[in-house]
Amino acid sequence: MPENTRILIAGGGVGGLTLAQALRHAGLDVVVYEQDPTPRIRNQGYRIHIDPAGNAALADCLPPDVMAVLRRTSGRNGDLVTTFTTGLQLIHKQHFPGTPAGRLTAVDRDTFRRGLLTGLDDVVRFGHTVSGYQVTDSGRVRVRFAEGGSDEGSLLVGADGAGSAVRRQLLPEAVPHDFGLRCLYGRMPLTGLLSPEEFERGLCWVSGGSTCGAAFGTVRFRTPVEGTPDYLMVTLVATPDRLGVTDERLFRMSSEELWKLSSDTVADWHPVIRDVYARADIASFLPITFRIADRIPAWAPGPVTVLGDAIHTMPPTGGAGANTALADAATLAKEILSAARGGRTPVEAVAAYQAIMLPRGFAAVDNSRRMAAQMFAAP
Ligand SMILES: Cc1cc2nc3c(=O)[nH]c(=O)nc-3n(C[C@H](O)[C@H](O)[C@H](O)COP(=O)(O)OP(=O)(O)OC[C@H]3O[C@@H](n4cnc5c(N)ncnc54)[C@H](O)[C@@H]3O)c2cc1C
């Protein structure tokens, strides 16, 4: 690669920071532009399950000290995925024995992100919202910020999530659409052990039929994380009709109103579930729309590319959005570094990356759609 190779990454989330870690560790000039004003974002603290593919991608990308931080601040291992009726009768149980020690499992999103930021103080620029870009006559990319100003590099990677500004310009037709489900997300601080014990041992899905269900999963940190107590993720997932409120209303609701709507929706479910809502942290509740991307044909590689949710947005029903973003980061880092060593251009690296990323990403999207169909099958 040419001497003045400089990689610009839009978005300091799961995929963008992992890519930045790998490139930085290999000595490349890399900068991340992140719209959030600070590393700490309130109320985005959902639990993310890191699967074997995500673990492998992290091991490929991260220096040992960063990997150690993530291991230390991961949740403890679970070994079950279970499905219950709303009366808490067990319908299905899948056992995943023996997660190797040291592997990450259920992580807290905010804590995970702060771990990924380790050592990147001079790489990540907070408070920079990427609003667009321009490819220059010399084939470089100039990225613009909504706050004013711009920067130039040899490659721009849109790692800016489902609403990606980079994708909007690169692939205007590739807009993820509404998957028809809303998620009311909250947390319950953990004090004692939960009952039934399956709630302690992995992810539990409580099936309310074809229009509604709830997912629960613990995050019990391996070592205490300051300011973030252990918690139970509490999510109600339902169609707008089942919730009985318009999006306009839902997305204006206060945390307390969202908590109340969730509690009312499970009012005739098993007392254990009602009790979880009664003990939940009311201020933690927030609404999320599940979106999904349509398959798009391969496009000509250039000095701008995309990774993760920016290109293959999927509902979390397959537990794969973050893991696929991590795999994208690992593949792209490998191709950029191999091009750098072999004297190839960034665009050649992008071509090799996109040939792997697109089929893999959309296979994960398809799987998340299939999983949603199973989860919302009528009992
Ligand atoms: C309730 C829920 C549960 C989930 N559980 C799982 C799970 O168990 N396993 C799993 O694999 N996935 C899970 N996911 C999905 C996972 O969170 C996403 O797929 C993953 O975060 C995508 O990573 P990313 O790097 O592509 O985008 P993100 O992590 O969303 O990062 C994008 C970043 O870009 C920034 N940004 C956005 N626009 C701009 C801009 N214009 N300029 C600069 N910065 C910008 C954002 O602030 C953000 O920091 C879950 C999602 C939800 C909603």
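Because the model is predicted, local features need pLDDT of at least 70 and side-chain atom pairs count only at pLDDT 80 or more, while totals for chains, interfaces and linings use all residues. Residue numbers start from 1 along each chain, as its sequence is written.

**View 1. The chain splits into domain 1 and domain 2.** Domain 1 covers 6-39 + 117-176 + 293-375, and domain 2 covers 180-290; the bounds come from an automatic or database domain assignment. Taken over C-alpha atoms, the domain centres are 31 Å apart.

**View 2. The ligand sits between the two domains, because both give residues to the shell around it.** There are 35 residues around the ligand, and G11, G13, G15, G308 and G321 come nearest. To be near, a residue needs its C-beta atom, placed from the backbone, within 6 Å. The shell has 16 nonpolar, 15 polar and four charged residues. Here Ala, Val, Leu, Ile, Met, Phe, Trp, Tyr, Cys and Pro count as nonpolar, Asp, Glu, Lys and Arg as charged, and the others, Gly among them, as polar. Among the elements supplying at least two shell residues are helix 1 (14-25) and strand 12 (177-189). Helix 10 gives the most, with four. (Helices, H or I with at least four residues, and strands, E with at least two, are DSSP runs numbered from the N terminus.)

**View 3. Helix 10 runs through residues 321-342.** Its 22 residues reach 31 Å from first C-alpha to last, close to the 32 Å expected; that expected span is 1.5 Å times one less than the number of residues. Helix 10 is largely enclosed by the rest of the structure, because 16 of its 22 residues are buried. (Buried means 20 or more other C-beta atoms within 10 Å of a residue's own, exposed means 12 or fewer, and partly exposed is in between; C-beta atoms are placed from the backbone.) Next comes G343, with a positive phi near 70 degrees.

**View 4. Zoom in on L326, a residue of helix 10.** L326 counts as buried because it has 27 C-beta neighbours inside 10 Å. Leaving aside neighbours within four places in sequence, L326 is in contact with V14, G15, T18, G54, A57 and L58. (Contact means C-beta atoms, placed from the backbone, within 7 Å.) L326 and A53 are 273 residues apart along the chain, yet their C-alpha atoms are separated by 8.3 Å.

**View 5. Helix 1 meets helix 2.** T18, Q21 and A22 of helix 1 meet A57, L58 and C61 of helix 2. By class, that's four nonpolar, two polar and no charged residues.

Definitions and conventions: Two residues are in contact if their C-beta atoms, placed from the backbone, lie within 7 Å.
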